[in-house]
Amino acid sequence: MNSQKEIVVSGIRSTGYLHLGNYFGAIRNYVKMQADYDCYFFVADYHSLTTHPKPEDLKKNVFRVLAENIASGLNPEQAVFYAQSDIPEIPELYLMLNMLAYKGELEKVPTFKDKVRQQPDNVNAGLLTYPVLMAADILIHRAVKVPVGKDQEQHLEMARNFAQRYNNRYGELFPEPQAFNFGSQLSKVMSLDGSGSKMSKSENENATIYLADSDEAIRKKIMKAKTDSGPTENNSEKPAYIQSLFDLMALISPPETLNSYDTAFNACTIRYGDMKKQMAEDMVAFVAPIREWARQLQEDEESLRTILRRGAERARESASRTISLARKGIGIQYYS
Ligand code: TRP
């Protein structure tokens, strides 16, 4: 890899189906980054063990996420794309960092507190140390940029703290990773039910469009999106749920289409039924090729395995360099 480029790491959760929010919020940005940075993207399968997935589902989930990301434009020839569990240096660094992470600070993390509320019967140590594993994912490649959403910024701050603690104690090794902020380019995709929440992997499935949805499912979901009887005054402000529909249309339809409905809205001649029909067709045209490619990839397990193997090889080159330095720093160096 070209070592002149900055190093980027990001992990993709292997639970749930990818939806438009993931596509426009994250994957599209990964695709843009792959040319300009040394990118390491991985499926965070170890992280998913905190919720005890069934063994027979684990592989299916990993292969699906891999296929859906490739079908969305992630190029495994360019970015290094691998499964977290294929890199034994990650759990090794995780163990080292655990000695620098304090129980008190881990218990205060909002995502941990949420999990304690959501699954009080399964508050395992893996949940508590989730941010330490995430820090190991990032620091193993000595990454400087991490493209993540707002909800992950606290985890990133902890990764910086752990990096600093290692450096202070054992000597400079890790740069401090920063959140990669796409600023205004970051698109939020709102749920179709007008609830004001974002499309989500687990909630409001009927108001979320998944990359695996059939044409029929897409049409149905869009036709059911919340609207009203239309504006009664020219140039009025759009209610939030109508604005969300326009925002979604802006992502998938040609600008002329969007403009014509915008003009109709301002003139109070808009027919939401027509707008939704148009949107449904544009959405089908957008999603169907991704869905079909992802499906073909998932049927070709041998290719997916080759991609994973090759990705693991490349990721381990970088990971093994870091781990030998980390061991040396700590003083684990008995044979030379
Ligand atoms: N915690 C991230 C999420 O929930 C996934 C993740 C795991 C990750 N390890 C990472 C993201 C390392 C960026 C870097 O989305």
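What percentage of the 336 residues of the protein chain counts as buried? The share that counts as buried is 46%, where buried means under 20% relative accessible area, exposed over 50% and partly exposed in between, with a 1.4 Å probe and protein chains only. This is a predicted model, in which local features need pLDDT of at least 70 and side-chain atom pairs count only at pLDDT 80 or more, whereas totals for chains, interfaces and linings use all residues. Residues are numbered from 1 along each chain as its sequence is written, and side-chain values use heavy atoms, with hydrogens and water left out.

**View 1. The protein chain as a whole, with 14 helices and five strands.** Helices (H or I, at least four residues) and strands (E, at least two) are DSSP runs, numbered from the N terminus. The radius of gyration of the protein chain, 22 Å, is close to the 20 Å that the globule rule gives for 336 residues, so the chain is as compact as a globular protein of that length; this radius is taken over C-alpha atoms, and the rule is 2.2 Å times the number of residues to the power 0.38. Along its principal axes, the C-alpha trace spans about 80 × 45 × 40 Å. Of the contacts with a separation of 6 or more, 78% come from residues 24 or more positions apart, a contact being heavy atoms within 4.5 Å. The accessible surface comes to about 16800 Å², and 49% of that belongs to carbon and sulfur atoms, as computed by the Shrake-Rupley method with a 1.4 Å probe.

**View 2. Helix α3, residues 55–71, and the positions on either side of it.** In the loop between α2 (45–48) and α3, His52 has a positive phi of about 55° although it is not a glycine, and at 54% relative accessibility His52 counts as exposed. The 17 residues of α3 reach 25 Å from the first C-alpha to the last, close to the 24 Å expected at 1.5 Å a residue, the expected span being 1.5 Å times one less than the number of residues. Among the buried residues of α3 are Asn61, Phe63, Arg64, Glu68 and Ala71. Just after α3, Gly73 takes a positive phi of about 120°.

**View 3. Helix α9, residues 153–170, and the glycine that follows.** With 18 residues, α9 reaches 26 Å from its first C-alpha to its last, close to the 26 Å expected at 1.5 Å a residue. The buried residues of α9 include His155, Met158, Arg160, Phe162 and Tyr166. Gly171, which follows α9, has a positive phi near 105°.

**View 4. Cys39 in strand β2, residues 38–44.** Cys39 counts as buried, at 1% relative accessibility. Although Cys39 and Ala143 are 104 residues apart in sequence, they are 9.1 Å apart in space, C-alpha to C-alpha.

**View 5. Two exposed asparagines, Asn206 and Asn235, in loops on either side of α10.** Asn206 lies in the loop between β5 (178–179) and α10 (215–223) and is exposed, with a relative accessible area of 63%. From Asn206 to Arg314 the separation is 108 residues in sequence and 40 Å in space, C-alpha to C-alpha. Asn235 is placed in the loop between α10 and α11 (240–252), where its relative accessible area of 59% makes it exposed. Asn235 has a positive phi of about 55° although it is not a glycine.
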